[in-house]
Amino acid sequence: MTLLARTARQGGYSSEPMKIAVCIKHVPDTGSRRIDPQSKRLDRSGEGALNSFDAHALEEALRIRESGGDGEVVVVSMGPEKAIDSLRKALAMGADRAVLVSDEGAAGSDLVATSYLLAKALEREQADLVLFGQQASDADGAVLWAAVADRLRRPVISQVAELTVAGGNARGKRQTEFGYDVIEAPLPAVVAVSDAINEPRYPSLKGIMGAKKKPQDVVTVSELGAEVDRAGESGSRTTVLALSDPPPRGDSIKIEDDGSAADKIVAFLVEKKLI
Amino acid sequence: MAARPSDYPAPFDWRDYVSVPTDPEDERIEVGVLIVGAGPAGLACAIRLGQLLEESPETAEKLGEVPVAVVEKGKQPGSHLLSGAVVNPRALRKLFKGRKVTEDFPFLQEVHGESVYFMTSKQAFRIPAPPTMRNHGNYIASVSQLGRWLADEAEELGTMILPETSALKLLVQDGRVVGVRTGDKGLGREGEPLGNYEPGADLVAKGTVLAEGTQGHLTGVALQRFGLESDSPQVWALGVKEIWKVAKPLDRIIHTMGWPLRFGAKYREFGGSFIYPMGEDMITIGLVVGLDYRDSELSVHDLLQEFKLHPKIRKLLEGGERVAWGAKTIPEGGLGSLPKKLHAPGVVFCGDGAGIVNVPALKGIHYAIESGRLAAEAVFDSLQPGKTPATPGVLASYDDAVRESFIWKDLHEVRNMRQVFGKGFFMGGALASMATATKGRMPRGTIATEPDAEHELFRTDRAKSYPAPDGKLTFDKLSSVFASGNRTRDDQPSHIRIETDVPIRIAQMWVNMCPAEVYEIVAGDEDKETVSVQVTPSNCVQCGAITAKGGRLTPPEGGSGPEYTNT
Amino acid sequence: MTTLVFLEHHEGQLLKGSLGVLSKAAQLGGDVAGAILGSGVGGLAEQAGRYGAQTVYVVDDPALAAPLPQPRVDALAALVRDKGIENILFAQSVLAADVSAGLAARLDAGLNWDLVDVSVQDGELVGKRPALADSVYVDVGWTQAPRLAIVRTGTFEPIESGGSATVEQVGAGFEDFSTAATMVEQAHAEAEGVSIEEADVIVAGGRGLGSPDKFALIEQLAEALGGAVAATRAVVDAGWYPYATQVGQTGKTISPKLYIGCGISGAIQHKVGMQGSGTIVAINKDANAPIFEFSDFGVVGDLHEIVPKLTELLKNR
């Protein structure tokens with residue numbers, strides 16, 4: 001399956017060169033997730049991987065770049081040093097450059113602090129389009145794009161299942177509870193894409209081997225021009241107080257069908273006010 | 001009807017996995033030395049090469065932009081590594097001589113004490129540790145963590161590691177191995193390209209090191225291609241293990257034999273268990289059983305569950321929590337089953353893939369490391385002016401080096417110990433003791449092995465005593481697969497080659513054998529004499545048992561399979 | 001304590017989720033207000049009073065006609081600053097996620113989401129949210145006001161307290177960038193219906209169905225309940241139902257209010273995709289199926305008899 005076939009299926013990509021920034025996150029491996037009892041936050045010290053939702057955002061950026069002929073795809077991330085692994089994977093998939101904001105002082109950043117730092121990093125890039133994945137599998141970044149868009153003072157479209165970029169505008173088919181909206185915003189804009197939008201490519205061997213040579217910047221909070229006390233815990237406005245066990249599911253009922261099971265289920269659902 | 005798995009051979013032809021390079025020349029990826037497998041053998045080879053190239057820039061120049069590359073089919077180095085393990089540090093010390101000391105190695109702890117028990121279903125009798133099993137001076141390690149550490153060391157010396165990359169075909173040109181072709185990605189269930197199809201690539205190299213571990217795919221193909229298979233066929237055991245967080249630390253390593261395995265010669269149930277501490281709050285517990293067993297109801301996975309219910313064993317686990325699970329085969333043929341040569345033009349074979357394992361001592365890791373180190377020296381030597389690795393005979397220096405090393409000495413001493421257990425526990429024990437006492441001089445010669453798949457199967461009611469999983473101490477296979485970190489894509493083409501219409505006895509054997517519930521008898525066939533077997537390849541943890549018992553495992557899409565981290 | 005609840009509306013009705021959060025806010029005490037933002041929405045204010053709002057701020061402006069987030073951030077930011085509001089609560093929705101996050105950035109205020117409970121401890125708001133696939137619960141707080149929170153769908157039921165609210169019309173000014181995005185075409189549901197990730201009710205089918213045509217039973221039950229159909233890995237692998245409906249480790253994760261699993265064993269690979277469901281009902285003929293370990297109502301029986309009967313009973317209610 002060639003590049004041509006890939007972009008032909010989508011149609012609706014601009015043929016102008018563009019600069020696209022993709023925000024990606026290095027998230028702890030699903031298998032070994034645990035909460036650190038000391039910090040009460042997700043333990044990020046073990047193995048991690050590129051957040052699968054961000055791979056969709058990156059894929060979209062690569063398709064747009066490919067149909068525009070030229071242009072640049074920059075991946076931006078914030079995290080511990082080992083997050084460079086996910087950035088390398090993104091470079092292997094085809095991104096041109098990576099920027100990692102890595103600073104001990106940024107650890108423990110909540111939405112307020114993270115969006116502030118990411119916005120600072122993105123301001124340096126001045127991209128035409130900033131893409132996010134719709135969700136982070138560690139459930140920490142679930143609403144980041146709207147916060148970043150506000151700080152960048154750019155229009156935002158989220159939950160995008162189909163994206164068209166043409167004539168200086170981004171047009172997204174947005175999935176809501178009531179069906180699909182079609183929303184248009186002039187570039188520069190921020191777009192968060194859902195996992196329905198595309199199938200991310202596998203990095204080719206050449207891509208993996210070439211990734212190391214591509215530019216990778218690791219910057220600290222102050223190198224970003226950001227205020228140190230607006231990062232990390234001091235810059236956060238939310239706190240984690242305590243951990244507890246989930247409430248027990250309550251008494252569970254198990255019956256054998258004697259012909260009346262259907263009636264009993266209905267009675268149960270009524271009692272639970274589910275119907 | 002005699003139910004012999006070898007009568008229903010897998011639809012597998014090694015010729016399908018040998019090819020000349022087919023990519024246009026400018027699209028082939030060129031590296032200097034290509035190593036297949038980021039395990040202890042492959043990484044030791046990469047590290048030693050890195051050390052040698054550091055001191056020899058002229059040789060490094062010959063190897064181009066990527067002097068040493070390691071391809072690994074797992075998500076990352078360590079993802080497919082599993083062992084006990086108690087490691088003899090001598091090979092690591094040799095590898096890092098002058099650069100690191102024992103304290104630098106990623107061992108969990110030193111062996112403080114050990115006990116060996118003979119088990120019955122209710123009791124455990126302490127017996128003296130056989131001389132081959134004394135572990136004083138050895139260290140407990142997680143081979144998966146060791147792999148990750150070795151990978152970092154290799155990268156620091158300039159190796160490029162390419163994870164999620166399977167080596168599917170051997171590239172052979174003019175009778176010499178010139179590299180491998182990597183597997184495709186993004187294929188659907190019928191082998192059709194999906195939206196994100198990425199074809200494999202020809203990875204060509206001046207020299208290729210096959211360090212694929214047990215049931216190495218290309219190793220098997222290469223041995224057939226170059227006619228190097230030993231006259232004494234390789235045999236395997238299946239090891240299944242768990243890692244537990246426990247309330248009480250364990251102060252020594254434990255090995256057991258006897259229950260739940262049966263002694264009679266007809267059963268051919270050779271093996272035992274191991275229980276090792278992993279630091280203050282974790283232990284690992286596993287069961288290893290030779291795959292020459294004959295009872296179609298035998299399930300190593302379920303025997304381990306049963307084993308945990310033994311009054312002495314459950315005490316070690318009570319109040320704890322299972323945190324990981326895994327399974328892998330171990331080559332057990334020993335010296336006699338090693339390939340006729342450990343090299344062919346352009347290629348060498350290392351580690352478990354070549355069968356370099358000392359069964360009675362339960363050791364393979366330090367031999368793998370040493371074989372990797374010797375391979376590196378031989379390959380480096382073959383790159384010197386006037387030679388190439390592809391010239392026939394040049395890599396024989398690797399064979400010579402292995403013969404002169406402690407690998408050969410140790411393996412020779414124990415060369416018959418596994419085979420004698422084919423005569424049953426007591427006879428085997430007697431002959432093994434003889435071998436130990438005479439340091440391998442008796443019994444004379446090397447006893448031949450019989451392929452695991454050639455033993456005729458019968459059925460007992462062994463499954464009756466497998467415990468129903470309670471989710472706390474005992475578990476079902478799917479929960480175990482989950483605990484291996486396996487989340488392989490469901491719609492991949494099947495990587496397992498088996499004959500799917502077989503006598504029911506063979507199908508039952510596969511169903512019970514596989515620790516990951518890959519095989520099932522098609523619903524409705526249970527009462528027939530010949531049944532259809534259903535395969536769920538995404539459950540597969542690539543242990544390799546199927547290859548021993550009539551089928552053939554091939555590498556699935558790179559990145560698939562388990563994601564071991566501390567096994 | 002002053003609390004403002006973002007009252008989302010659709011086609012002339014305040015959404016149930018918002019009213020539930022409003023009811024809870026009323027319970028927590030202090031000054032409780034609702035915010036209704038839109039164009040031509042004055043008539044909705046009365047509803048808000050009945051569900052516990054003492055004041056309803058109505059921001060009526062053409063810029064707010066389309067359900068787009070950024071103009072709402074402008075309006076709410078001004079409201080919060082002008083009225084000195086401490087807590088701003090949202091019921092989870094696509095729109096609320098964007099509005100609350102934009103507002104958090106605008107005000108540099110903390111936002112906690114996916115809350116399954118809120119309470120007042122020592123005079124301050126505290127939230128409770130699940131983590132790690134609902135296997136552990138975390139108490140979360142804020143360092144200072146304003147405190148923003150998103151409440152997980154279905155957490156609080158609307159309770160009519162029968163009060164009435166003072167309605168205050170509030171003017172709004174908008175940033176240029178906030179009104180740059182435009183609604184070209186507003187939502188019309190696609191033919192497929194509710195996606196399984198949004199559905200309140202899911203009926204799932206597994207191998208126990210026996211054959212692909214038996215999915216008709218599942219579809220009929222789902223229809224009777226107004227829910228969506230989901231499938232296990234095994235049946236999707238076998239080609240009985242599309243991958244888009246697969247729930248589990250290698251499929252989707254769902255947390256509907258009601259999940260009914262038919263002919264599903266409940267292997268962990270499936271469980272991790274649906275264990276956050278509010279109420280779990282299981283029908284399986286194998287009494288030892290693992291699903292009975294975590295279901296709320298389990299029936300050991302033949303789904304081919306029980307499911308059609310259940311569908312019938314529900315249709316006749």
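Two residues are in contact here if their C-beta atoms, placed from the backbone, lie within 7 Å. This is a predicted model, in which local features need pLDDT of at least 70 and side-chain atom pairs count only at pLDDT 80 or more, while totals for chains, interfaces and linings use all residues. Residues are numbered from 1 along each chain as its sequence is written, and chains are lettered from A, with ligands numbered from 1, in the order in which they are written.

Let's start with chains A and B. Their contact takes 14 residues from chain A and 19 residues from chain B. On the side of chain B that touches chain A, β13(B) gives the most, with six residues. Strands (E, at least two residues) and helices (H or I, at least four) are DSSP runs numbered from the N terminus.

Next come chains A and C, where 61 residues of chain A are in contact with 68 residues of chain C. Here β9(A) supplies the largest share of chain A's side, eight residues.

Finally, a look at chain B as a whole: it has 15 helices and 26 strands. Its C-alpha trace spans about 65 × 55 × 45 Å along the principal axes.
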